[in-house]
Amino acid sequence: MQESKQAQAITVLGAGAWGTAVAISLAARHDVLLWGRNPAQMAAAAAARENVDYLPGHPLPATLRVGADVEAAIDHVTGAAAAAAGATPLLIAACPVAGLRPLLQQLKGKRIPNIVWLCKGFEYDTGLLPHQVVREVLGDEIEGAALSGPSFAQEVARGLPCALTVASTSAALRERVVGLVHGGSTRVYACDDLVGVEVGGAVKNILAIATGTADGLGLGLNARAALITRGLAEITRLGTALGGHAGTFMGLTGMGDLILTCTGDLSRNRRVGLALAQGKPLDAIVRELGHVAEGVPCAKAVRELAHKLGVDMPITDAVAGVLFDGDSAVDMVGKLLARDPRNELA
């Protein structure tokens with residue numbers, strides 16, 4: 001599909017690194033408002049034209065509006081000005097998984113046009129995927145979509161090439177997202193497999209911790225390749241058990257995101273693994289990171305879900321053992337190597 005030629009109203013709710021990067025990218029072609037919940041942070045970003053806290057070194061375009069007034073942010077895509085312009089508005093939730101439900105609660109009862117979420121993971125307390133959280137809070141009346149894929153915020157903010165997938169049960173919303181987001185250095189593909197796209201985006205973070213740990217222990221490139229490949233098998237087993245399509249995991253939001261997160265030096269979850277290999281305690285690692293590493297809480301949620309479903313996920317189990325059970329990084333490797341041989345395709 002061709003990109004939208006007319007500038008449209010888009011609000012990005014969430015001014016972390018990824019939300020800011022998406023807003024910067026879209027502001028080159030659309031009328032974008034970036035909302036953050038911290039008034040002081042947003043005032044500083046507006047004054048400096050840079051999100052110093054979460055994406056330093058990447059200037060905010062002059063056309064990008066920023067603010068902390070959620071009502072104004074929603075009005076940007078629902079108000080009279082947008083309607084008069086004949087706009088095709090888009091509302092993007094760019095918060096971590098833990099912040100999705102509270103953000104949606106702020107939107108409940110408001111006349112929002114749609115909701116597209118960027119978060120990757122399972123909700124920690126409930127084990128729900130993002131689309132299930134959206135349905136619980138907003139119901140089935142609001143069209144929703146997941147926008148996911150191999151993407152580092154710093155590279156998107158720099159305008160480097162990136163390919164993403166939008167997943168939704170609504171063909172109309174898939175078309176709308178492709179029309180608005182596809183263009184410039186960003187390609188957007190569409191599919192209807194919400195479960196597969198979300199599972200791939202969630203579990204790859206756990207596997208990035210595993211590969212970072214292996215790299216930190218100096219286990220070599222052979223071990224890294226084995227972890228990525230067998231990790232993809234784990235993602236596929238869980239995803240298909242939840243109703244996802246096997247083919248989805250060979251695409252951008254499966255294999256693509258897995259390779260990037262496991263090998264890229266910008267990956268927060270990979271950095272967690274590297275630090276675990278050095279023997280650092282988890283609390284110190286998370287504190288030093290300064291950003292959310294979704295693989296940490298996701299490992300606990302996925303381990304519990306896999307056990308409940310009877311899905312074999314040995315790498316996830318081993319990572320969760322290091323994160324939550326007091327195992328060492330060396331213990332993790334030992335557990336994986338001590339497993340009995342099996343048919344690779346079983």
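Which residues does UniProt list for "domain: Glycerol-3-phosphate dehydrogenase NAD-dependent C-terminal"? The unreviewed entry gives residues 193–332. UniProt positions follow the numbering used here, feature names are shortened, and annotations may be inferred rather than shown by experiment. This is a predicted model: local features need pLDDT of at least 70, side-chain atom pairs count only at pLDDT 80 or more, and totals for chains, interfaces and linings use all residues. Residues are numbered from 1 along each chain as its sequence is written, and side-chain values use heavy atoms, without hydrogens and water.

**The listed domain**
- Residues 193–332 are 74% helix and 0% strand. Helices (H or I, at least four residues) and strands (E, at least two) are DSSP runs, numbered from the N terminus.
- The end C-alpha atoms of this stretch lie 33 Å apart.

**Helix 10 and helix 11**
- Helix 10 (residues 221–241) packs against helix 11 (residues 252–263) at about 140°, with axes 10 Å apart. Axes are lines fitted to C-alpha atoms, for helices over the stretch in contact, and angles run from 0 to 180 degrees between N-to-C directions.
- That angle makes helix 10 oblique to helix 11, a class left over once angles under 35 degrees (roughly parallel), over 145 (roughly antiparallel) and 65 to 115 (roughly perpendicular) are taken out.
- Contact residues (heavy atoms within 4.5 Å) include Arg 224 and Ile 228 of helix 10 and Met 255 and Leu 258 of helix 11.

**Salt bridges**
- The whole structure holds 16 salt bridges, each a side-chain nitrogen of Lys or Arg within 4 Å of a carboxyl oxygen of Asp or Glu.
- One joins Asp 31 to Arg 65, with the closest N and O atoms 2.7 Å apart.
- Asp 31 sits in strand 2 (residues 31–35) and Arg 65 in strand 3 (residues 65–67), 34 residues apart.
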